[in-house]
Amino acid sequence: MNSWKTQLIQTCPDTTFRENESLAHHTTVGIGGPAELFCIVTSKDECTKVLQAAVGLKIPTTVLGWGANTLIADRGIAGLVIKNTASEIRVLTEQPTASSATAIDARWKAATSDSRMPQFQDIDYDENDAERVVVDVDAGAALPVLIQQLVQRGITGLQWFTKIPASLGGAVVNNIHGGTHYISEFIASVTVLDASGTTQTLSADQLEFGYDYSRFHHSNEFILSVRLQLFRGDQQRAQQVITDWSRQKQKQPARSLGCVFQNISVEEQAQLSLPTPSIGYLVDQKLHLAGLRIGDAEISQQHAAFIVNTGAATATDYLELLKRIHAAVKVKFGISLKPEIFFKGFKPEELAFITQL
Ligand SMILES: Cc1cc2nc3c(=O)[nH]c(=O)nc-3n(C[C@H](O)[C@H](O)[C@H](O)COP(=O)(O)OP(=O)(O)OC[C@H]3O[C@@H](n4cnc5c(N)ncnc54)[C@H](O)[C@@H]3O)c2cc1C
């Protein structure tokens, strides 16, 4: 065994490490080669300890949450991969500061006008008059479980994100959207471990939230926990949203990574006189690519913004379909689509199509 592995294992005796763990088992799409070294951490303290040891030993480290938004190369990931399942919830008594939510690009809102997608406006409502409550949650918490646990305790606000496969940390990294809401509306601050191994707390206005974007796209920090500003709201109404929205979200293909590209901007939509900025609409109705297969990877016929693994698809198959969509949109509409997923373990030249085309 390499010396860095031996040293890490000795420094963290309470954590179980595995060599060459298949990461396909840890992604929703079921694709991904092995992690050179892998562990699952179950508490914030354990996560901090392993991360600090890895920083000290200069081991390249990747954190995975639910694995719902990450395409992992067939060759796998070098260094250490940590799957974070730390999920403690701490309800605080202090009053939150006023929300610092900023206005974010409206293209997600407009996308719901695609009549084949779940419609959100019928169940949306405003909770801002309700009493506020502040909750600290570890970043590995499974979002669907967290939402249910909070609502059962009378704490509402996150019901809009029902059925989104995500860890809370992953949800913050990509500022997930549910209907007309972004999770950034509910974030007060985030505690991170930075590249020097130091923990620090960042307030919401330092997080650079945007459409599918936050500072964690470039900062190389690990999110340990998230402070949420929620409501003592209408428990029954929130539960009804969970029920209704779950039913609608079931239409989305689960063995996937969600939408693979961001929707086009409202300006691009207007320029092209399209009825919606939805990528699913472009791919299906304008390019007629739904159902296109490479190996076992297929552009979903149910929702053409998703690429599904119908059996034993490889990352190479998946990436090739991504390239086909990217190239077709560029040729027909002159637009360079931005991926909505993360790539791990790929060489820069394998991803060059994203910037070159
Ligand atoms: C069926 C389906 C439906 C979906 N529906 C939606 C939807 O409605 N709205 C939406 O916005 N998204 C949706 N998605 C996309 C996905 O659920 C979100 O992007 C989610 O945020 C991914 O979280 P995750 O924990 O799985 O992240 P992962 O895939 O595990 O990680 C994503 C990135 O975040 C990094 N990361 C993870 N945890 C941490 C951490 N603690 N600290 C620092 N970096 C971290 C990873 O290294 C990686 O770069 C859907 C996906 C699927 C498969």
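This is a predicted model: local features need pLDDT of at least 70, side-chain atom pairs count only at pLDDT 80 or more; totals for chains, interfaces and linings use all residues.

Colleague: How many residues of domain 1 and of domain 3 are in contact?

Modeller: On the side of domain 1 there are 13 residues, and they are in contact with 18 residues of domain 3.

Colleague: How is the size of such an interface expressed?

Modeller: Often it is given as the accessible area lost when the parts come together. Here domain 1 and domain 3 bury about 1200 Å² between them, and carbon and sulfur atoms account for 57% of that area. Of the area that domain 1 buries against domain 3, 47% is supplied by Asn69, Leu71 and Arg75, more than by any other three residues.

Colleague: Which residues form the salt bridge, and how far apart are the closest N and O atoms?

Modeller: The rule finds one salt bridge across this interface. Arg75 pairs with Glu350 in a salt bridge, with 2.8 Å between the closest N and O atoms. Polar contacts are counted separately: 10 residue pairs, both residues at pLDDT 80 or more, are in polar contact between domain 1 and domain 3.

Colleague: Which strand gives the most to the side of domain 1 that touches domain 3?

Modeller: That is strand β4 (residues 70-72), with three residues. By residue class, the side of domain 1 that touches domain 3 holds six nonpolar, five polar and two charged residues.

Technical notes:
Residues are numbered from 1 along each chain as its sequence is written. Side-chain values use heavy atoms; hydrogens and water are left out. Contact means heavy atoms within 4.5 Å. Buried area is the accessible area (1.4 Å probe) that two parts lose on being put together, summed over both. A salt bridge is a side-chain nitrogen of Lys or Arg within 4 Å of a carboxyl oxygen of Asp or Glu. A polar contact is a pair of N or O atoms within 3.5 Å; within protein, one must be able to donate a hydrogen and the other to accept it, and residues adjacent in sequence count only if both atoms are side-chain atoms. Helices (H or I, at least four residues) and strands (E, at least two) are DSSP runs, numbered from the N terminus. Ala, Val, Leu, Ile, Met, Phe, Trp, Tyr, Cys and Pro count as nonpolar, Asp, Glu, Lys and Arg as charged, and the others, Gly among them, as polar.
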